[in-house]
Amino acid sequence: YSAWASCEDFARAHPLHGLTGRWKRCITVRTESEAEDAESEEERAELLAEAIAHRASMERCFGAIFPEKAASRAESAVPAGTDGSRGGDRQAS
């Protein structure tokens, strides 16, 4: 996870950079997947809270890069933590 620390440092320093958006998309999907496999409800809740925070950062970043798509995405948003919210590359298209 040491490489992840560098990614998080970069994301904090450059919250609207395209690489930050890609990193946040990656870590969001991974964290949501870990939440599905959580051994306890407490662990699941913690992982989902973390995923929600990563997703919010990702959406802010992509919203700044693609403002016209952010507006249309907001109109048809799927709540985080549902099957439809784990769109992979769909997030930036």
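In which hand of crossing does H1 pass H2? The crossing is left-handed. The structure is a predicted model, and its chain has an average pLDDT of 83, with 74% of the residues scoring at least 70.

**Helices H1 and H2**

- The axes of H1 and H2 lie 9 Å apart, and the two helices pack at an angle of about 130 degrees.
- H1 and H2 are therefore oblique to each other.
- On the H1 side, the contact is formed by Trp 4, Cys 7, Glu 8, Phe 10 and Ala 11.
- H2 contributes Leu 19, Thr 20, Trp 23, Lys 24, Ile 27 and Arg 30 to this contact with H1.
- By class, the residues of the contact between H1 and H2 comprise 7 nonpolar, 1 polar and 3 charged.

**Aromatic pairs**

- The structure contains 2 aromatic pairs.
- In one of them, Trp 4 and Trp 23 have ring centres 5.8 Å apart and ring planes at 65 degrees, so the pair is edge-to-face.
- Trp 4 belongs to helix H1 (residues 2-13) and Trp 23 to helix H2, so this pair ties together parts that are 19 residues apart in sequence.
- Both Trp 4 and Trp 23 are also among the residues that make the contact between H1 and H2.

**Helices H2 and H3**

- Helix H2 spans residues 18-36 and helix H3 spans residues 41-65; their axes come within 8 Å and cross at roughly 155 degrees.
- The two helices H2 and H3 are therefore roughly antiparallel to each other.
- H2 and H3 form a left-handed crossing.
- The H2 residues in this contact include Gly 18, Thr 20, Gly 21, Arg 22, Lys 24, Arg 25 and Ile 27.
- Among the H3 residues in the contact are Arg 44, Leu 47, Leu 48, Glu 50, Ala 51, His 54 and Arg 55.
- The contact of H2 with H3 is made up of 9 nonpolar, 7 polar and 8 charged residues.

Notes. Residues numbered from 1 in each chain as written. Predicted model: local features only at pLDDT ≥ 70, side-chain atom pairs only at ≥ 80, totals over all residues. Heavy atoms only, no water. pLDDT = per-residue confidence, 0-100. Axes fitted to C-alpha atoms, helices over the stretch in contact; angles between N-to-C directions. Helix = DSSP H or I, 4+ residues; strand = E, 2+ residues; numbered from the N terminus. Parallel < 35°, antiparallel > 145°, perpendicular 65-115°, else oblique. Left-handed = near helix turned anticlockwise from the far one by under 90°. Contact = heavy atoms within 4.5 Å. Nonpolar A, V, L, I, M, F, W, Y, C, P; charged D, E, K, R; others polar. Phe/Tyr/Trp six-rings, centres within 6.5 Å; stacked < 30°, edge-to-face > 60°.
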